[in-house]
Amino acid sequence: MRIPHLLLIGLCAWGGWNWSQHRPVSHIPAGIAAADLPEQGSPRLAPLRVGAYQLTPLASFRLQARVLAREDYRMDKEADLAPTDLALGWGPMSDPAIYGQLAISQSRRFYFWRYQDPPPIPPGEIARSSANMHLIPATPGVRADLSRVRPGQLVRLEGHLVEARDDSGWRWRSSLTRDDTGAGACELVWVEALAIEPERP
């Protein structure tokens with residue numbers, strides 16, 4: 001069934017929202033805050049073991065982006081690796097004048113956006129300028145930094161897109177393009193550095 005004006009990006013699982021800790025920031029400066037596309041290159045990391053999971057780096061990855069939404073997960077299998085998903089926007093989707101016209105939400109590892117006609121920018125551009133990302137903290141420090149991220153903030157992260165497997169045959173693989181949509185289109189990111197960026201004056 002086709003659902004008009006609705007885009008689903010990601011893979012399913014159950015999650016919850018901590019509103020008091022992660023309430024959206026207010027007074028976001030107008031304009032495009034993250035003009036550059038995400039950067040992707042050859043992996044610089046060897047395969048590694050994280051608990052019961054084997055991670056295979058697929059590509060190095062870095063970006064600056066606006067946090068459009070945040071969802072934390074505790075009950076699904078994927079939460080062992082990626083306890084938090086961030087919906088991130090760059091280019092026009094880092095401009096509150098654009099994404100502020102969308103109803104944005106997350107649930108079950110999907111990122112949703114809706115609009116009333118006409119859309120603020122073409123739907124294809126919305127999809128190419130935003131993504132839902134499953135984040136695997138590489139260190140306790142990155143995990144602590146991630147715990148402080150709120151919707152509306154500008155963040156910069158660096159790491160690797162990865163594929164995760166376990167001994168049962170379970171597999172979770174990152175998307176390697178920003179142009180795909182639907183199930184499997186999310187990035188699975190081994191996050192080696194994460195910073196909340198200051199806003200320009």
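**View 1. Lys-77 over the face of Trp-170.** In this predicted model, Lys-77 lies over the face of Trp-170, 5.0 Å from the ring centre; a charge sits over a ring if NZ of Lys or CZ of Arg is within 6 Å of the ring centre and within 35 degrees of the ring normal. Arg-109 lies over the face of Tyr-73, at 4.0 Å from the ring centre. Residues are numbered from 1 along each chain as its sequence is written, and side-chain values use heavy atoms, without hydrogens and water. Local features need pLDDT of at least 70 and side-chain atom pairs pLDDT 80 or more, while totals for chains, interfaces and linings use all residues.

**View 2. Aromatic pairs.** Rings of Phe, Tyr and Trp (its six-membered ring) pair if their centres lie within 6.5 Å; planes under 30 degrees apart are stacked, over 60 edge-to-face, the rest tilted. The count is four aromatic pairs. Phe-110 and Phe-112 form a tilted pair, 6.2 Å centre to centre with 45° between the planes. The pair of Trp-170 and Trp-172 is tilted because the centres are 6.1 Å apart and the planes at 55°. Ring pairs link Tyr-53, Trp-170 and Trp-172 into a cluster. Both Trp-170 and Trp-172 are buried (under 20% relative accessible area, exposed being over 50% and partly exposed in between; 1.4 Å probe, protein chains only).

View 3. Strands are DSSP runs of at least two residues, numbered from the N terminus, and two strands pair if DSSP finds at least two bridges between them. In E4 (residues 53-72), 17 of 20 residues are buried. Eleven bridges join E4 to antiparallel strand E9 (residues 154-165), where Glu-163 is the bridge partner of Thr-56.

Definitions and conventions: Helices (H or I, at least four residues) and strands (E, at least two) are DSSP runs, numbered from the N terminus.
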